[in-house]
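Me: Got a model open here and I'd like to talk through the fold. Can you walk me through it?

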Amino acid sequence: MKNIPLPNTPTLEGNLDKKLLLQVAKEYQTPLFVYDFDKIEEYFNQFKLAFSGRKSLICYALKANSNLSVIKKLASLESGVDCVSLGEIKRAILAGIPTYKIIYSGVGKQDYEIQEAIKLGILFINIESKEELLKVESIAKTLNTKARISIRVNPDIDPQTHPYISTGLKENKFGIGVEEAKSLYLYAHKSESLEPIGIHFHIGSQITKLQPIAESAQKIAQLLHSLLALKIDIKFFDIGGGLGITYKDETTINPYDYAQSILECLRGLDVTIICEPGRFIMGNSGVFLTQVLYEKISQEKRFVIVNGAMNDLIRPSLYNAYHKITPLNPREGELAPTDIVGPICESGDYLGKNIALPPLKAGDILAILSAGAYGFSMSSNYNTRPRCAEVAISQGKARLIRKRETFEDLIALEKDYL
Ligand SMILES: *Cc1c(COP(=O)(O)O)cnc(C)c1O
């Protein structure tokens, strides 16, 4: 039966019902991240189901949201993880992800990180350059072991997304060209300290068109064929992440079609598919709640100043990203185009521009939708602002999964100032 999943869109329903969110805002204060743990499960299962016809492993991309309770939830669904630092690997292990389901990616792995990853016995390391391959080989040698590796191949295909989150073009810093990759596989195959078991590509994030992914998969599958012909025993076909979600009105890729296009490339091949979704699972599973502080109306513009800012949710400032914004206690009156801005001393500090909003008063709570991915995980302490608390809601019940930082937390590591 063809599985037609629910679209991945911003909504304030179920666990993210407005009334419930108002209660949560009152209890835990704002600014605040709130995640719907039932949605996380739903989106994860959509992915799992889409690939269920084949041996597959979903490795959630931890960087999208690395809260330990989020990881633990995904561990309970039998997810693996894709990590980009030793810190993320440690988080994953702490939250109950088995080491044989952990992948380690990223262009700038440091010696101590590689050493620890090998010692921990993770599934494999995704190699991003020749120098890194040699580094991993020499570290494995000193550890007297074989390091399992996969090579991130750069298919040189335009994912048609924002340039900052585009990674699969030859001008990007990521991955290795097809020809060089082939020679590195041959090298690794002969090495006593390396065991090439995977092949990997990841062309970017927030991808909404299937074609660039399908084309990349075909290109990488061709390489896989030639490696298998050389008796290099590749067992994992790692298709990365990047599946887009709806923030505004984008039509996106349905996981079923996504899976079908990958399966088509792999006909007759006995490999396990690994996918690394991050945003798809977390993006629309979370909202960011912020409170109105002031309204400022000039002849030119209406500004609403809120207590949340770019240090909490940087996507609008960094990528000019759009997030739906909805007042939780709407007032009667005309909608007017409004810039929602934070207290930070930067003109780029905004959460929304020209959003049609009804009258608002100090104390009103706004929900910034689709904030579950690359929200808290990209947050900072800029302007000495404590990072937000995080709350999980499951079946209508809310619980705190990260305390709000205090001023004392912020200065805890500073010394010699007295
Ligand atoms: C960021 C990243 C992902 C996840 O991307 P999403 O767009 O959140 O799905 C997966 N794999 C790698 C290697 C990444 O860098």
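**Domain and barrel**

Reply: Over residues 33-372 the chain is 32% helix and 23% strand, with the end C-alpha atoms 8 Å apart. Helices (H or I, at least four residues) and strands (E, at least two) are DSSP runs, numbered from the N terminus. This is a predicted model: local features need pLDDT of at least 70, side-chain atom pairs count only at pLDDT 80 or more, and totals for chains, interfaces and linings use all residues. Residues are numbered from 1 along each chain as its sequence is written, and side-chain values use heavy atoms, leaving out hydrogens and water.

Me: What does UniProt place at residues 33-372?

Reply: The feature "domain: Orn/DAP/Arg decarboxylase 2 C-terminal", from an unreviewed entry. Such annotations may be inferred rather than shown by experiment.

Me: And which strands make the barrel?

Reply: The closed barrel has eight strands, β2-β3-β4-β5-β6-β7-β8-β9, with parallel pairing (two strands pair if DSSP finds at least two bridges between them). Neighbouring strands are turned by 30° against each other on average, direction ignored.

Me: How many bridges between β6 and β7?

Reply: Six, joining β6 (residues 147-152) to β7 (residues 194-200) in the parallel sense. Arg 148 stands opposite Glu 195 in β7.

Me: Switching to helices: at what angle do α2 and α9 cross?

Reply: Roughly 30°, with the axes of α2 (residues 37-50) and α9 (residues 255-265) coming within 8 Å. Axes are lines fitted to C-alpha atoms, for helices over the stretch in contact, and angles run from 0 to 180 degrees between N-to-C directions.

Me: Which residues make the contact?

Reply: Gln 46, Phe 47 and Ala 50 of α2, and Pro 255, Tyr 256, Tyr 258 and Ala 259 of α9 (contact means heavy atoms within 4.5 Å).
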